[in-house]
Amino acid sequence: MQALPEHTIVFTSLKDGSHQFHYRLGPDFFLACGDEDLLGGEAGVDVDLEKANHLLVARIHVQGLARMLCDHCNAPMDQPVEGEQRQIFKLTGAEETDEDELVSLDSGAHEINLTHYIYECLRLHLPIRHVHPPGQCDPEVTKVLDKALVNHEPDPRWAKLNQLKNKGA
């Protein structure tokens, strides 16, 4: 993932306390993601950065639409997405590490780039299955899928087994 300069926060110039940042995600962001599933979209990102002596806590809130392909008809669709994620940055003299929610930064660091964490927040809050609302899928594809749908009767042996199971209960 390519880090975008507009998501860089120079925290050394900030006073201790809470700071708010707002970003608009557009074509540049989705192109920089390099994610084949994301065709584009528009979203707003609000970041609340709490700065302390050796600690930065970023609360990232994403809300908008991600353009994707429908899993049912394979036509483009706008998938609503909204979610929040907390990311903690700790300034230590140790080597830089990145574990789930905690990122250790070198004590000489003076800025953080949030592009990757914004992408993570967006991606983690997208549903696993992306489908149009009922009736909005491509009608031609739906017609072909309905023809291909096999409606078969269950094996009668399973019905007999269920009867035995229900007798024992």
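A polar contact here is a pair of N or O atoms within 3.5 Å. Keep that cut-off in mind. One more thing before we start: this is a predicted model.

Let's begin with E101. It sits in the loop between β6 (97-99) and β7 (102-106). The side chain of E101 makes a polar contact with the side chain of R86, at 2.6 Å. That pair is also a salt bridge, with the closest N and O atoms of R86 and E101 2.6 Å apart. The two ends come from distant parts of the chain: R86 is in strand β5, E101 is in the β6-β7 loop, and 15 residues separate them. Is R86 buried or exposed, or something in between? R86 counts as partly exposed, at 39% relative accessibility. E101 is also partly exposed, at 31%.

What else does E101 touch, once neighbours within four places in sequence are set aside? The contacts are R86, Q87 and I88. F89 is twelve residues from E101 in sequence, and their C-alpha atoms are 8.4 Å apart.

Next, the salt bridges overall. The whole structure has five. One of them joins the side chains of D16 and K51, at 4.0 Å from N to O. D16 is in the loop between β1 (8-10) and β2 (17-25), K51 is in strand β3, and the two are 35 residues apart.

Stay with K51 for a moment. Strand β3 covers residues 40-51. K51 is a buried lysine, with a relative accessible area of 13%. So what does its side chain meet? A polar atom of that side chain lies 2.8 Å from the backbone oxygen of L14. The backbone oxygen of F11 is 3.3 Å from a polar atom of the K51 side chain. Leaving out neighbours within four places, the contacts of K51 include T12, K15, G17, H19 and L56.

Another salt bridge pairs R67 with D78, at 3.0 Å from N to O. R67 lies in strand β4 (residues 55-69) and D78 in strand β5 (residues 76-92), so this pair ties together parts eleven residues apart in sequence. R67 is partly exposed at 32%. D78 is partly exposed at 40%.

On to the helices. D138 caps the N-terminal end of α3. A side-chain oxygen of D138 lies 3.1 Å from the backbone nitrogen of E140.

Last stop, helix α4, residues 156-168, which holds W158. This tryptophan is exposed, with a relative accessible area of 57%. W158, L161 and L164 make a nonpolar surface patch of about 370 Å². Why would residues spaced like this point the same way? An α-helix has 3.6 residues a turn, so residues three or four places apart point the same way.

That's the tour.

Definitions and conventions. Residues numbered from 1 in each chain as written. Predicted model: local features only at pLDDT ≥ 70, side-chain atom pairs only at ≥ 80, totals over all residues. Heavy atoms only, no water. Patch = residues over 30% accessible without salt bridge, like charges linked within 9 Å, V, L, I, M, F, W, Y side chains within 5 Å. Areas by Shrake-Rupley, 256 points an atom, 1.4 Å probe, with all protein chains shown as cover. Helix = DSSP H or I, 4+ residues; strand = E, 2+ residues; numbered from the N terminus. Buried < 20%, exposed > 50% of the residue type's maximum accessible area, 1.4 Å probe, protein only. Polar contact = N/O pair within 3.5 Å; in protein donor to acceptor, adjacent residues only side chain to side chain. Contact = heavy atoms within 4.5 Å.
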